[in-house]
Amino acid sequence: MPITPATATHSSSEGTEEAILLELVDEKGVTTGTAEKLAAHQPPGQLHRAFSVFLFDERGRLLLQQRALGKYHSPGVWSNTCCGHPYPGEAPFAAASRRTYEELGVSPSLLAEAGTVRYNHPDPASGLVEQEYNHLFVGLVQAALGPDPEEVASTAFVTAAELAERHAQDPFSAWFMTVLDAARPAIRELTGPSAGW
């Protein structure tokens, strides 16, 4: 993982990993405190700040990622281009850009805010709960991908029709359709009406 100012503050001087903290929020998205990442996802879940990124190629196809099999939460399922959690005090836009690069080896182009969505999605497979106040972003991918295999098992560019077919047969993250539907107005603005989103 590349060391950035945000990630550098989360490693100790001995090189051991410190607990990753998430930013807890209220129903309006106002910060109320912090919690350790896994603890925030234990049932019933603590409402925390998150982000979801949707990147498209020049043909209006959505970049999906299949989460690595080694991930503790929702391993092996397909989901949007990138999703995660800002560090406490980190702007969601900065976190979205940082994690997209860390996971996929590419920096988004024309990344724009696409609103927020609040949801509560239990994950039956892991028993964990996603209680999230999620900041949405849409943009373009205009460079070759270089996925980190510890984060990403596979990637695919799909049209709206191909996504519908894939979603009917492959496992997707519990939050995927919620964040996609919330981001659709911004996605349509970015990709144009002919892309079918």
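**Reading the model**

Colleague: Which residues touch the most other members of the largest nonpolar core?

Modeller: A nonpolar core is a set of buried Ala, Val, Leu, Ile, Met, Phe, Trp, Tyr and Cys residues, joined through side-chain atoms within 4.5 Å. Buried means under 20% relative accessible area, exposed means over 50%, and partly exposed is in between (1.4 Å probe, protein chains only). Here the largest core has 25 residues, and F54, L62, L64, L163, F176 and I187 touch the most other members. Two or more residues come from each of β3, β4, β7, β8, β9 (152-158), α4 and α5. Helix α5 gives the most, with six residues. A second, separate core holds 13 residues, including F51, V53, L55 and V106. Those element names are DSSP runs numbered from the N terminus: helices are H or I, at least four residues, and strands are E, at least two.

Colleague: What should I know about the model itself?

Modeller: It is predicted: local features need pLDDT of at least 70, side-chain atom pairs count only at pLDDT 80 or more, and totals for chains, interfaces and linings use all residues. Residues are numbered from 1 along each chain as its sequence is written, and side-chain values use heavy atoms, with hydrogens and water left out.

Colleague: With what is L62 in contact?

Modeller: Contact means heavy atoms within 4.5 Å. Neighbours within four places in sequence are left aside. For L62 that leaves F54, L55, F56, T81, A156, F157, V158, L163, F176 and W197.

Colleague: How far apart are the end C-alpha atoms of helix α5?

Modeller: Start with the expected span: 1.5 Å times one less than the number of residues. Helix α5 runs over residues 176-191, 16 residues in total. A straight helix would reach 22 Å, but the ends of α5 are only 19 Å apart.

Colleague: Where in α5 is the kink?

Modeller: A bend at a residue is the angle between two fitted axes, one for the seven residues ending there and one for the seven starting there. In α5 the kink is about 55° and lies at R184, shortly before the proline P185. Just after the helix, G192 takes a positive phi of about 85°.

Colleague: Which residues of α5 are buried?

Modeller: They are F176, V179, L180, A183, R184, A186, I187 and T191. Their cover includes β3 (48-56), β4 (62-67), β5 (78-79), β7 (109-122), β8 (129-140) and α4 (160-169).

Colleague: Which residues does UniProt list for "binding site"?

Modeller: Treat such records with care: positions follow the numbering used here, feature names are shortened, and annotations may be inferred rather than shown by experiment. The unreviewed UniProt entry lists H41, H48, H85, E130 and E132. They are spread over 92 residues of sequence, yet they cluster in space, with a largest C-alpha distance of 11.9 Å. Take H48, in strand β3. H48 counts as buried because its relative accessibility is 0%. Among its contacts are H41, H85, E130 and E132. The UniProt entry also lists residues 46-183 for "domain: Nudix hydrolase". Over that stretch the chain is 22% helix and 38% strand.

Colleague: Is N134 buried or exposed?

Modeller: N134 sits in strand β8. N134 is buried, at 1% relative accessibility. Its C-alpha atom is 5.2 Å from that of V117, 17 residues apart along the chain. The contacts of N134 include G115, V117 and V179. G115 belongs to strand β7. G115 has a relative accessible area of 39%, so it is partly exposed.

Colleague: How many disulfides does a search of the whole structure find?

Modeller: A disulfide is a pair of cysteine sulfur atoms within 2.5 Å. The search finds zero. For C82, the nearest cysteine sulfur belongs to C83, 6.3 Å away. C82 is buried, at 0% relative accessibility. C83 is buried too, with a relative accessible area of 14%.
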